[in-house]
Amino acid sequence: MKVGVLGAGQMGSGIAEVFALAGHRVGIFDVDKSQIEKALRNIRWSVEKLTEKGKVKDVEEVMSRIEVLPGVEAVRGDDLILEAVFEDFNVKIDVLRKASEEANDESIIASNTSSIPITELSRAVRMPARFVGMHFFNPPVLMPLVEVIRGDNTGPIYFNRAIDIVRGLGKTPLPVRKDVPGFVVNRILFRIFNAACGLLGKYTVEQIDSVAYYELGFPMGIFMLLDYTGLDLNLSISKEVAKRGLRLECPPVETLVKEGKKGTKSGAGFYNWASRPRIMMVGGGPDPKEIVRPAFEEGKWLIREGIVTEEEVDEGTRLGLGLKEGIITLSKRLGLS
Ligand code: 3HC
């Protein structure tokens with residue numbers, strides 16, 4: 001398959017790598033040339049890591065499948081065009097409009113949006129029936145889940161084809177049956193972020209992250225994950241979902257972004273990333289139930305709305321967020337009902 005990835009940030013570069021690792025030919029484009037150079041460096045670093053671990057044989061073979069595209073029009077004729085630009089409605093609309101004009105009648109067009117309903121974006125796409133959400137998790141190469149979102153205009157054939165493409169990458173697809181802002185896993189994650197943010201002041205970042213890591217079995221602290229996914233991205237997501245009725249405010253994130261602290265990518269955020277931060281075991285933190293309760297309620301809402309099943313919520317949060325237990329099982333074990 002020939003794949004065109006538009007946007008070479010953390011997600012775009014990771015997604016391009018995933019397709020190249022699965023044997024596909026990938027073209028990648030970004031308006032920012034330095035972003036492309038950084039993306040190629042990051043992909044090489046990651047493929048070398050996988051080689052050290054015996055998961056990949058030949059770094060150069062994988063790298064040779066990745067080509068830098070001179071412009072959006074170069075996706076012409078690609079089997080899959082995947083938009084992974086910054087989480088801003090107008091930027092995405094602009095790129096999707098241009099890309100879909102170039103798409104041939106066989107192409108599938110996908111967006112890796114974290115939060116914007118696919119139906120809204122589909123209005124800019126020339127062939128809306130061929131447009132789906134394909135939402136990867138950071139880092140795409142390590143996280144096994146991809147949400148596949150069906151917008152109101154997505155044709156069932158193309159939705160199923162997108163699911164097959166995800167399976168072909170060796171990933172687990174999570175079919176999202178209703179196009180709600182933030183879809184499934186991020187809606188749950190937003191609740192976790194918000195709960196943690198609301199506890200700041202009463203508790204420190206270190207105390208909250210200690211509970212998340214040592215008591216809830218999260219793979220990293222909550223504020224560490226905010227830094228890892230990017231505070232600027234988090235802020236953009238909050239703005240996009242707020243326009244759609246989901247208020248997720250975390251003033252400290254806004255302050256840090258204003259100071260130029262975007263998390264891991266800028267070297268500082270809630271943590272200082274000059275050297276790799278560790279989560280210390282510290283006492284006096286919040287009751288773990290306070291962190292997961294809103295996420296549990298969100299999970300129950302998603303199930304009630306028929307968007308996913310209980311098993312899918314659990315699988316989605318295990319594979320998309322690296323939790324040891326899915327959020328429903330975990331919450332019930334803590335005594336929530
Ligand atoms: N490629 C290849 N190897 C990588 C890598 C990458 N991109 N990133 C890390 N590694 C390697 C590390 O170098 C390390 O190698 P080593 O064993 O040789 O030292 C190994 O993988 C293990 O990594 P770490 O030691 O850093 O730590 P972990 O075991 O904790 O694994 C993790 C890292 C998989 C990121 C894990 O911490 C995790 O699952 N975190 C949660 C991530 C998460 O929740 N992602 C979703 C965020 S939400 C999202 O993306 C949605 C979007 O819309 C916002």
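Colleague: Which residue is the bridge partner of M134 in β7?

Modeller: V148 is the partner of M134 there. Bear in mind that this is a predicted model.

Colleague: Noted. In which sense do β6 and β7 pair, parallel or antiparallel?

Modeller: Antiparallel, over 4 bridges, with β6 covering residues 131–136 and β7 covering residues 145–149.

Colleague: And what is the strand order of the sheet?

Modeller: The order is β3-β2-β1-β4-β5-β6-β7-β8. It is an open sheet of 8 strands, and the pairing is mixed.

Colleague: Which are the edge strands?

Modeller: β3 (66–68) and β8 (172–176), each of which pairs on one side only. On average, neighbouring strands in this sheet are turned by 25° against each other, ignoring direction.

Colleague: Back to the loop between β6 and β7. Where does P139 sit?

Modeller: P139 is in that loop, between β6 and β7. The peptide bond leading from N138 to P139 is cis, with omega near 0°. N138 also comes up at the ligand, as one of the closest residues around it.

Colleague: Which other residues are closest to the ligand, and how many surround it?

Modeller: 23 residues surround the ligand, and besides N138 the closest are S46, K53, S114 and H135.

Colleague: What are the distances from ligand oxygen to the side chains of K53 and H135?

Modeller: For K53, a ligand oxygen is 2.8 Å from an N or O atom of the side chain. For H135 the corresponding distance is 2.7 Å. R276 has a side-chain N or O atom 3.3 Å from a ligand oxygen.

Colleague: How much of the ligand does the protein bury?

Modeller: 73% of the 1100 Å² that the ligand exposes when taken alone.

Colleague: What is the shell made of, by class?

Modeller: 13 nonpolar, 7 polar and 3 charged residues. As for helices, α2 (33–52), α7 (185–199), α9 (222–229) and α13 (310–321) each supply at least two residues of the shell.

Colleague: Why does the ligand lie between the two domains?

Modeller: Because domain 1 (2–176) and domain 2 (185–333) both give residues to the shell around the ligand.

Colleague: Last one, F183. Where is it, and what is its phi?

Modeller: F183 lies in the loop between β8 and α7. Its phi is near 55°, which is a positive value in a residue other than glycine.

Methods. Residues numbered from 1 in each chain as written. Predicted model: local features only at pLDDT ≥ 70, side-chain atom pairs only at ≥ 80, totals over all residues. Heavy atoms only, no water. Near = heavy atom within 4 Å. Polar contact = N/O pair within 3.5 Å; in protein donor to acceptor, adjacent residues only side chain to side chain. Areas by Shrake-Rupley, 256 points an atom, 1.4 Å probe, with all protein chains shown as cover. Nonpolar A, V, L, I, M, F, W, Y, C, P; charged D, E, K, R; others polar. Domains from an automatic or database assignment. Pairing = 2+ DSSP bridges. Axes fitted to C-alpha atoms, helices over the stretch in contact; angles between N-to-C directions.
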